[in-house]
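Hi,

Here is the structure I promised to pass on.

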Amino acid sequence: MTRDPADVEVELSGAAPLITRLQSLLHGPQADEPRAETARGWLDLAYEAAYGERYSAAAAAAQAGLSAAGGQDPENRLMLLRILAGVHEMRGDTEASTPYVTQRVALLRELGRTRQARIEEELGPMLLREPDHVEGEILARVAEQLRDEDATAGRPSLELADVLSSQAVRVLHDEGPEAALPVVEEAVDILIRLDRPEALAGARMFLAHTLLLTGESARALHVAEEVMAAPANRAVRGAIAMLRATIHHHDDRPEEAIADAMTSTELYAACGVRKGAASAAALLASLTSAADQDETSVLAWRVAVQQAELGEFPESRMLTLALGQQLLELERFEEAEKVLDALSVRLTGSSEDASVRARALMGLGHAVTQQKRPLEAMAHWEEAAALFRSVDEIEESARAHLAAGSLAASLERLDAAESHHRKALELARTSQEDDPAVLVQALHSLGHLLTRTEDPSGVAHLQEALDVAQEHGTDWQVADITDSLARGYVALGDGAAAVARALDAADLFLAAGDDRSAGGAEIFAGKVLLEMGRADEAEAILRMAVGDRQSEHDLVAEALEGRIDALMRQGKPEEAAELRRELTRLKRRMKP
């Protein structure tokens, strides 16, 4: 492919549906390094490659530009030499950078731009990469000197703008965006007055980002529009589109944010800025997921993974994990299993990625559980717990044990369940986290399991869970634990305590806004009373339990069955018969 990016607009399918555009990125052929016909075209390609951290490609493009049509033009040659010097400097190879700096300084002197030549010769690498703290102070002093000289001459200079741009990078790092903003604004103002569009696009991009960091999003958007309206290469335009997407997202304009994130993804991908394309696609995935555009979100995550892998960036692992989690949320369990299993296998044996692999295993466990393979899920969660523990993610390890324990309990593997719950509790007690949610869950799970197996020590665990939840948890948690206490007392043979706790739970569920669970707790209390031989009290509670819940047919049916039993025990067969007819009619309505 041969073209001149300086003169040709990038063709993007902006009118096509998002899904079509994403599929095009995902399945379209990966282009070879593009070629240009002119020095300006190679200049744009070199900048794009450098922005995408493809330094060898950037150097090759700049070198080709020197020999292309227009390569002898002084301005083109100066910019190409600047990129060649900068690329090597950014790679930490000052020795390779020096000859190009020397050539550029010599050319500046030939052109009679002796002050600029002197400044570049003296400052050298400081203008080509991020300066360190000492270099930043030197740049500030040089900028002050140049301001005085420019004031005497009555006009601004390109060399001052150059020094200010480098100084601003250091100021932003050391003092923050508020301090950097006036420095960047001064550099942009000089370039506007000197009419230097080739440098202005990058400077305005820096200004827009600095404005965003200071919270001036409206001004940042205005500057972004100025960049997009003027000549700029695809890397700059991709960055600006990403900035606009971020602003629109923060300002709750989802349609605009989605459109700009898509554009940024396409622009970055087109010019090989893989990290930028991956970030833009990840933002697009999050935005479309929030907008319930599920298929678009999945495709966007896939594009994010693809772009990160093409760039060989480690972020591809977290992006793959996000894709798997998105598929789980959409209940596409077979697809999620493939993605997460491949990620887990890929990371096997890598100590640096233990945390990511553990999370992949957690998701993989959920995926296979939904496919009726619980033993595989338990194995995945057990391995995840060990991995989390190995990297001191204590609470995550506890959560993994809780998941394995709950699944074991559902399979009636009670010894395994108890072992996992005890490990989870031990880990939760040692956690340094301020949020005690995992401790509450561990105490609740173990207490419920122990009372289920008629172990009275379970009550103490449930009571401790209740105490912690009352201080740190939600109203619903308090209600749920109280309900578990009620059921635990039944298993231990204390019906009176069970009824009292169940009625407490009903009130707590109502206060927490869970009317259905409140009804379930009341029905449970009624059934316990019935088993205790207190049929009259049971019938009264069961009648009240569904008084305002006629739409909950399953609860009404359960309460009716209990009331029929209670009435028969009270010697009221006629009333029981009437309720039996009512129950029959209800069950007919409940049939699908």
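H27 passes H28 in a left-handed crossing (left-handed if the near helix is turned anticlockwise from the far one by less than a right angle, right-handed if clockwise). Helices here are DSSP runs of H or I with at least four residues, numbered from the N terminus. The axes of H27 and H28 come within 9 Å and cross at roughly 155°; axes are lines fitted to C-alpha atoms over the stretch in contact, with angles from 0 to 180 degrees between N-to-C directions. So H27 is roughly antiparallel to H28, a label for angles over 145 degrees. From H27, Ala535, Glu539, Leu542 and Arg543 make the contact (heavy atoms within 4.5 Å), and they meet Ala559, Gly562, Arg563, Ala566, Leu567 and Arg569 of H28.

Before going further: this is a predicted model, where local features need pLDDT of at least 70 and side-chain atom pairs count only at pLDDT 80 or more, while totals for chains, interfaces and linings use all residues. Residues are numbered from 1 along each chain as its sequence is written, and side-chain values use heavy atoms, leaving out hydrogens and water.

Back to H28. This helix covers residues 553-569, and its 17 residues reach 24 Å from first C-alpha to last, close to the 24 Å expected at 1.5 Å a residue (1.5 Å times one less than the number of residues). Its buried residues include Leu555, Val556, Leu560 and Ile564, where buried means under 20% relative accessible area with a 1.4 Å probe, protein chains only. What do the buried residues of H28 pack against? Helix H26 (515-531), helix H27 (535-545) and helix H29 (573-590). After H28 comes Gly571, with a positive phi near 75°.

There's another helix pair to look at. The axes of H17 (residues 333-347) and H18 (residues 354-369) come within 9 Å and cross at roughly 150°, so H17 is roughly antiparallel to H18. This crossing is left-handed too. Among the contact residues are Phe333, Leu340 and Leu347 of H17, and Val356, Leu364 and Val368 of H18.

Lastly, Asn233, which sits in the loop between helix H11 (217-229) and helix H12 (234-250). Buried or exposed? At 10% relative accessibility, Asn233 counts as buried. Its side chain reaches the backbone nitrogen of Val236 at 3.0 Å. Leaving aside residues up to four places away in sequence, Asn233 touches Asp44, Tyr47 and Glu48.

Cheers

Note on methods: Helices (H or I, at least four residues) and strands (E, at least two) are DSSP runs, numbered from the N terminus. Buried means under 20% relative accessible area, exposed over 50%, partly exposed in between (1.4 Å probe, protein chains only). A polar contact is a pair of N or O atoms within 3.5 Å; within protein, one must be able to donate a hydrogen and the other to accept it, and residues adjacent in sequence count only if both atoms are side-chain atoms. Angles under 35 degrees count as roughly parallel, over 145 as roughly antiparallel, 65 to 115 as roughly perpendicular and the rest as oblique.
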